[in-house]
Amino acid sequence: MKDVIIALDFSTKKETLDFLDRFKDEKPFVKIGMELFYAQGAEMVRELAKRGHKIFLDLKTHDIPNTVRKTMSVLRDLDIYMTNLHAAGGTDMMKAALEGLSAEGKRRPLLIAVTQLTSTNQQLMERDLLIKLPIEEVVLHYAARAAEAGLDGVVCSPLEARGVHDRCGSGFLTVTPGVRFADGDKGDQQRVTTPAKARELGSDFIVMGRPITLAPDPVAAYRRAVEEFLGE
Ligand code: C5P
């Protein structure tokens, strides 16, 4: 089940397909985020699914329960493996999302929750959201609410993975961005860990964008990530 997910943070179909065409011997698990989805739409998702990629559709949905239910029932028909929403939308919204994603006779895509964005810090939370509790506690509370609502896991920092598993159970998935090679550039990610460290901390899936997409040899960088994370 554990895997490396490549974040396809591109906005054109050409860039995306040129990048994926470099992979001859493997079909990486890929993440389509807002940039690519809003630029290229559902057609891009269908095309990558047809090419045999597992897809994490990272749209971070957040709206009233009825709208989210209907949105998820549209995404359900796209052949995706995993998608997500903001836990801040509340338990009713999370349950509605699960209903929308479920269809008889079809595997339900995994549904995971964003707790607090990794760009959020204590100061921002207190100033803009009026949440005064320690951020670690808020992340674990949102994770627990997501687990109670029946979701499959959360997006979090690898550094939070252990706490999430302790609180919500080892089967509750942790999907973790903020991963960098030991000799790599951090970019705008604040708290980073290596693929090997993420494995040690219990991450189920690591999401890596720029360390692979901007590498001189993306296939070699992907293989290195898999080797370090899965120990293969
Ligand atoms: O290039 P990089 O490895 O930083 O890409 C990380 C990917 O994970 C990006 O697509 C980013 O939007 C996403 N992500 C993140 N932090 C979150 C949620 C998603 O970095 N909390």
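Colleague: Which residues does leucine 48 touch, not counting residues up to four places away in sequence?

Modeller: Leucine 48 touches Leu8, Thr16, Leu17, Leu20, Val30, Ile32, His53 and Ile55. Contact means heavy atoms within 4.5 Å. This is a predicted model, where local features need pLDDT of at least 70, side-chain atom pairs count only at pLDDT 80 or more, and totals for chains, interfaces and linings use all residues. Residues are numbered from 1 along each chain as its sequence is written, and side-chain values use heavy atoms, with hydrogens and water left out.

Colleague: Why is leucine 48 called buried?

Modeller: Its relative accessibility is 0%. Buried means under 20% relative accessible area, exposed over 50%, and partly exposed in between (1.4 Å probe, protein chains only). So leucine 48 counts as buried. Its place is in helix α2, residues 34–50. Helices (H or I, at least four residues) and strands (E, at least two) are DSSP runs, numbered from the N terminus.

Colleague: What makes leucine 8 buried?

Modeller: Leucine 8 has 1% relative accessibility, so it counts as buried. It sits in the loop between β1 (3–7) and α1 (13–21). Beyond four places in sequence, leucine 8 touches Thr16, Phe19, Leu20, Val30, Lys31, Leu36 and Leu48. Its C-alpha atom is 9.7 Å from that of isoleucine 212, 204 residues apart along the chain.

Colleague: Which members of the largest nonpolar core touch the most other members?

Modeller: They are Leu8, Leu48, Leu57, Leu85, Leu151 and Ile212, out of 62 residues. A nonpolar core is a set of buried Ala, Val, Leu, Ile, Met, Phe, Trp, Tyr and Cys residues joined through side-chain atoms within 4.5 Å. Helix α6 (residues 135–149) gives the largest share of this core, 8 residues. Apart from it lies another core, of 14 residues, including Ile5, Ala7, Phe29 and Leu173.

Colleague: What is leucine 85 in contact with, leaving aside its neighbours within four places in sequence?

Modeller: Its contacts are Lys60, Thr61, Met72, Met93, Met94, Ala97, Leu111, Ile112, Ala113, Val114 and Leu151.

Colleague: Why is helix α4 described as largely enclosed by the rest of the structure?

Modeller: Because 8 of the 11 residues of α4 (residues 91–101) are buried. These are Thr91, Met93, Met94, Ala96, Ala97, Leu98, Gly100 and Leu101. Their cover includes β3 (55–61), α3 (65–76), β4 (82–86), β5 (110–114) and α6.

Colleague: What is the phi of lysine 60?

Modeller: Near 45°, a positive value in a residue other than glycine. Most residues other than glycine have a negative phi. Lysine 60 lies in strand β3. With a relative accessible area of 24%, lysine 60 is partly exposed. Aspartate 79 also has a positive phi, near 65°. Aspartate 79 is in the loop between α3 and β4, and its 57% relative accessible area makes it exposed.

Colleague: Which residues come nearest the ligand?

Modeller: Asp9, Lys31, Arg180, Gly209 and Arg210, of the 14 residues around it. A residue is near a molecule if one of its heavy atoms lies within 4 Å of it. That shell divides into 6 nonpolar, 3 polar and 5 charged residues.

Colleague: How far is an oxygen atom of the ligand from a polar side-chain atom of arginine 210?

Modeller: The distance is 2.7 Å. A polar contact is a pair of N or O atoms within 3.5 Å. For glycine 209, a polar backbone atom is 2.8 Å from a ligand oxygen. For lysine 31, a side-chain N or O atom is 2.9 Å from a ligand oxygen. The protein covers 85% of the 470 Å² of accessible area that the ligand has on its own. Accessible areas come from the Shrake-Rupley method with a 1.4 Å probe.

Note on methods:
A polar contact is a pair of N or O atoms within 3.5 Å; within protein, one must be able to donate a hydrogen and the other to accept it, and residues adjacent in sequence count only if both atoms are side-chain atoms. Ala, Val, Leu, Ile, Met, Phe, Trp, Tyr, Cys and Pro count as nonpolar, Asp, Glu, Lys and Arg as charged, and the others, Gly among them, as polar.
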